[in-house]
Amino acid sequence: MTPQPPGNRDKDAGRWSDLGRPPLNATALRRALVRPGSLWTSLDVVPVTGSTNTDLAERSSKDTAEGAVLVAEEQSAGRGRLDRTWSAPPRSGLFFSVYLTPRAPVARWGWLPLLAGVATATALARTAGVDTALKWPNDLLVTVDGAERKAGGILAERTEGGVVVGIGLNVTLTADELPVPTAGSLALAGARTTDRDPLLRAVLRSLEHWYGEWQTADGDPGASGLQAAYAAGCATLGREVRAELPGDTSLTGEAVAIDGDGRLVLATGEGVQQPVGAGDIIHLRATGGNAATRPE
């Protein structure tokens, strides 16, 4: 065997420093996903970046083709809704963004984060054997020790020519590594596999399928089956919730539907059905058999 220069040995040692969290195989992922006729036109894996959404949005202004995928083994400044940060140990999750240029009317682009949620939940149920629920509008929930825990999130951002959709998913985080007690991971939820390569392939193939159905239906959430699929997997529906709205206001009621615009419809105590298009949703539940509620 030809001896490696010290620099190469150091590089390889760092790459495989955590044998329980091997690096993604970019070559194999490209071979499986970037093919003629596929939605996915390029796939890059970087060791670390601030935010895959930010990086891909910058690329999209330079004639990037639809279907570009950017994956990071580690994000140092990942972002969620309301500018919340998303960080995790290297190679402990899937952190990636995709660039889309929908033909559907712009008025229906608000369905893209919900579409990504359905695609991800479907893929995880099939590949990891984990029942993944959706919390409106963009959280992925798993069950850990009988309690709902957030294991992932989705952030869609408009660019000059299209939309960048980012997905962050905790895969192998241990209880000691969780950023907050209400977080979870696929491993903690009892996933039958935490191999990130097949998980990423499954999510991207599912995303391609649902995006294709939605595009074929010209973005119609009913005709594409997206609205029904989201409602079927949404843990928010049928529950008492509090919506923290822009402008420091809030609204409490039962979540009864997802309307044609992707908004959450709340039935308030005054008998009014109020659609909510943006806000932070807090699941509530009754305590002690009375009308008082507390966050779940």
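## Helices α2 and α5

Helix α2 (residues 26-33) and helix α5 (residues 196-216) of this predicted model pack with their axes 11 Å apart and at an angle of about 30 degrees, where axes are lines fitted to C-alpha atoms, for helices over the stretch in contact, and angles run from 0 to 180 degrees between N-to-C directions. The two helices α2 and α5 are therefore roughly parallel to each other, given that angles under 35 degrees count as roughly parallel, over 145 as roughly antiparallel, 65 to 115 as roughly perpendicular and the rest as oblique. By class, the residues of the contact of α2 with α5 are five nonpolar, no polar and three charged, where Ala, Val, Leu, Ile, Met, Phe, Trp, Tyr, Cys and Pro count as nonpolar, Asp, Glu, Lys and Arg as charged, and the others, Gly among them, as polar.

Residues are numbered from 1 along each chain as its sequence is written, and helices (H or I, at least four residues) and strands (E, at least two) are DSSP runs numbered from the N terminus. In this predicted model local features need pLDDT of at least 70 and side-chain atom pairs count only at pLDDT 80 or more, while totals for chains, interfaces and linings use all residues; side-chain values use heavy atoms, with hydrogens and water left out.

## Helix α4 and its partners

The axes of α4 and α5 cross at roughly 135 degrees and come within 8 Å, and α4 and α5 are therefore oblique to each other. Their crossing is right-handed. The residues in contact include Leu115, Ala119 and Ala123 of α4 and Leu199, Val203 and Trp210 of α5, and by class the contact of α4 with α5 has 15 nonpolar, four polar and one charged residues.

Helix α6 (residues 226-233) packs with α4 at an angle of about 60 degrees, with the axes 10 Å apart, and this crossing of α4 and α6 is left-handed. Leu114, Leu115 and Val118 of α4 make the contact with Leu226, Ala229 and Tyr230 of α6, a set with six nonpolar, no polar and no charged residues.

## The second largest pocket

The second largest pocket has a volume of about 430 Å³. On a 1 Å grid over the protein atoms alone, a pocket is an open set of points where a 1.4 Å probe fits, with protein on both sides within 12 Å along at least five of seven lines; a volume is the space filled by probe spheres set on the points, which are joined across faces, edges and corners.

Its lining (residues with an atom within 4 Å of a point) has 23 residues, of which Gly110, Pro113, Pro137, Ala156 and Gly277 lie nearest the centre of the pocket. The elements that give two or more residues to this lining are α4 (112-127) and β8 (147-158), and β8 supplies the largest share, five residues. The lining residues of the second largest pocket divide into 13 nonpolar, five polar and five charged.

## Backbone exceptions

Most residues other than glycine have a negative phi, and most peptide bonds are trans. The peptide bond from Trp136 to Pro137 is cis, with omega near 0 degrees, and Pro137 lies in the loop between β6 (133-135) and β7 (139-144). Arg91, although not a glycine, has a positive phi of about 60 degrees, and Arg91 is placed in the loop between β4 (85-86) and β5 (93-100).

Note on methods:
A crossing is left-handed if the near helix is turned anticlockwise from the far one by less than a right angle, and right-handed if clockwise. Contact means heavy atoms within 4.5 Å.
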